[in-house]
Amino acid sequence: MEHSHDAHGHAPEPYKYAAHHSEEEGKKTRRMIWNMFWVLLAITTVEVTLGLVWKHLEISWGVVKMTFIILTVAKAYFIVAYYMHLKHERKALKNTIIIPFVLFALYLLYHIFTEGIYSEYMDKYFF
Amino acid sequence: MSNTATMDSKTAWGGNNESPYGASYGKLMMWFFLISDALSFTGFLSAYGFYRHYYGSLWPSAENVFTHFPFMHGNHPLLYVALMTFILIMSSVTMVLAVEAGHRMDKKGVTIWLGWTLLGGAIFLGSQAWEWYHFIHGTELGAIELGRGTFALPNGTVEHTYGVIARWADDSKQVLLLPWREIAGDVTSPYIQLTGQALTEAVANGKEIYGANLTHNEYGHPLFGDFFFFITGFHGTHVFSGVVLNFIVFINVIMGTYQKRGHYEMVEKVGLYWHFVDLVWVFVFTFFYLV
């Protein structure tokens with residue numbers, strides 16, 4: 001068939017993707033999975049403990065809040081990079097997924113921070 | 001065993017049999033769906049964060065709302081939701097172990113790990129129903145939703161009381177705590193204590209509230225209830241559809257569908273969705289229960 005040949009006239013290889021791995025690779029993957037599990041568990045434990053004790057410590061709420069957010073983003077990174085395997089995907093795929101999301105998320109937050117002030121007027125004049 | 005599986009040309013996605021992403025059509029579309037879904041949740045949680053900040057101390061603190069633990073009496077703030085988080089993370093671990101077993105064409109391994117994932121999802125859904133029950137049901141003490149009126153703040157300004165939730169200081173119902181809005185969102189901002197005549201008037205003009213629904217919330221601002229029902233409900237719907245998808249794939253694994261096909265990519269695809277559900281919960285946990 002004409003269309004099944006590429007520009008150089010070679011018959012293309014059948015479409016392939018990484019679907020299998022060997023026993024040794026499996027062992028390595030499983031070790032990574034459990035290591036990540038301990039990391040995620042440790043972060044969650046720190047979060048819950050901090051949530052329960054921060055009022056008894058000499059830390060300001062702002063610092064606690066930022067710590068929560070940083071730990072959460074770290075957790076999200078570990079889940080997406082390792083469990084969802086994004087770290088080992090092709091660069092094109094990584095960019096296609098991460099860039100639009102981050103861009104729109106920041107755009108949304110920007111609008112909330114800058115335009116949200118109008119809620120004050122709504123409270124005053126409409127309710 | 002070779003490192004790659006051959007797919008038929010119907011599943012390959014254009015590019016003269018060479019996908020620029022190195023991923024199949026199905027997996028790519030799952031990723032694209034997850035991006036749009038992630039943006040919905042970003043919208044919900046940003047809106048929540050905005051109003052939580054905006055209403056300051058009128059907003060309930062989650063550690064005062066979610067204090068129950070099954071078969072245990074007393075106050076256990078955050079404990080149950082921490083357990084729910086652990087269960088969901090654990091089910092993410094069993095899911096990725098199922099994917100790993102699939103890469104070795106280990107049918108028994110996939111069946112076992114996917115089974116544990118299903119169990120984790122089911123327990124999580126049950127826990128969420130339980131949390132909803134306690135939030136809707138409320139406390140025996142209840143709270144007073146104040147009627148029309150004004151009160152003076154210590155700094156001299158006058159605030160309206162309409163719709164503000166005043167909570168009892170303790171079981172004796174002798175003191176009402178009246179919060180006011182701090183734009184700074186300081187969770188430790190003070191309350192005005194209502195006693196004696198002011199208390200009697202406040203109760204007479206106000207309304208007793210028990211538990212929460214879409215218009216009233218004994219723990220604080222009603223928007224908290226709306227956000228709680230909407231965001232955890234929307235996430236719970238995702239968990240539910242995840243459990244359904246996992247169950248369908250689980251049946252297919254047992255029937256040997258993927259063994260015959262030569263690869264377990266379908267487990268990877270539902271795995272992506274399942275990890276996403278876990279990922280969203282990580283954010284819901286932080287922004288709803290911790291911050």
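1. A contact here means heavy atoms within 4.5 Å. On that basis, among contacts in chain A between residues at least 6 apart in sequence, 47% join residues at least 24 apart. The model under discussion is predicted, and the remarks below should be read accordingly.

2. Chain A has 127 residues, of which 29% are buried. Its secondary structure amounts to 4 helices and 1 strand, and these follow the pattern β-α-α-α-α along the sequence.

3. Chain B is divided into two parts: domain 1 (24-139 + 220-290) and domain 2 (143-209). The centres of domain 1 and domain 2 of chain B, taken over C-alpha atoms, are separated by 37 Å.

4. The largest nonpolar core contains 103 residues. The members that touch the most others are A:Tyr83, B:Phe135, B:Val267, B:Trp281, B:Phe288 and B:Tyr289. Helix α8 (residues 265-290) of chain B supplies the largest share of this core, with 16 residues. Because domain 1 (24-139 + 220-290) and domain 2 (143-209) of chain B both give residues to the core, it lies between them.

5. Leaving aside residues up to four places away in sequence, B:Phe135 touches B:Val65, B:Phe66, B:Gly211, B:Ala212, B:Asn217, B:Tyr219, B:Phe224, B:Gly225, B:Phe228 and B:Phe229.

6. B:Thr85 belongs to helix α3 (residues 79-103) of chain B. With a relative accessibility of 1%, B:Thr85 counts as buried, since the cut-off for that class is under 20%. Not counting residues up to four places away in sequence, the contacts of B:Thr85 are A:Thr44, A:Lys75, B:Trp281 and B:Phe285. B:Trp281 is also one of the core residues that touch the most other members.

7. Chain B contains an open sheet of 5 strands in the order β7-β6-β5-β2-β8, with antiparallel pairing. Strands β7 (192-194) and β8 (207-209) of chain B stand at the edges; each has a single partner strand, so one side of each lacks a neighbour in the sheet. From one strand to the next, the twist averages 35°.

8. Within that sheet, strands β5 (residues 165-168) and β6 (residues 176-178) of chain B run antiparallel and are joined by 2 bridges. B:Trp168 stands opposite B:Leu176 in β6(B).

9. Over all chains, a search of the whole structure finds 46 aromatic pairs. In one of these, the rings of B:Tyr51 and B:Tyr54 have centres 6.3 Å apart and planes at 85°, so the pair is edge-to-face. Both residues lie in helix α1 (residues 25-54) of chain B, 3 residues apart, about one turn of the helix.

10. B:Trp59 counts as buried at 5% relative accessibility, and B:Phe227 counts as buried at 13%.

Methods: Residues numbered from 1 in each chain as written. Chains lettered and ligands numbered in written order. Predicted model: local features only at pLDDT ≥ 70, side-chain atom pairs only at ≥ 80, totals over all residues. Heavy atoms only, no water. Core = buried A, V, L, I, M, F, W, Y, C linked by side-chain atoms within 4.5 Å. Buried < 20%, exposed > 50% of the residue type's maximum accessible area, 1.4 Å probe, protein only. Domains from an automatic or database assignment. Pairing = 2+ DSSP bridges. Axes fitted to C-alpha atoms, helices over the stretch in contact; angles between N-to-C directions. Phe/Tyr/Trp six-rings, centres within 6.5 Å; stacked < 30°, edge-to-face > 60°.
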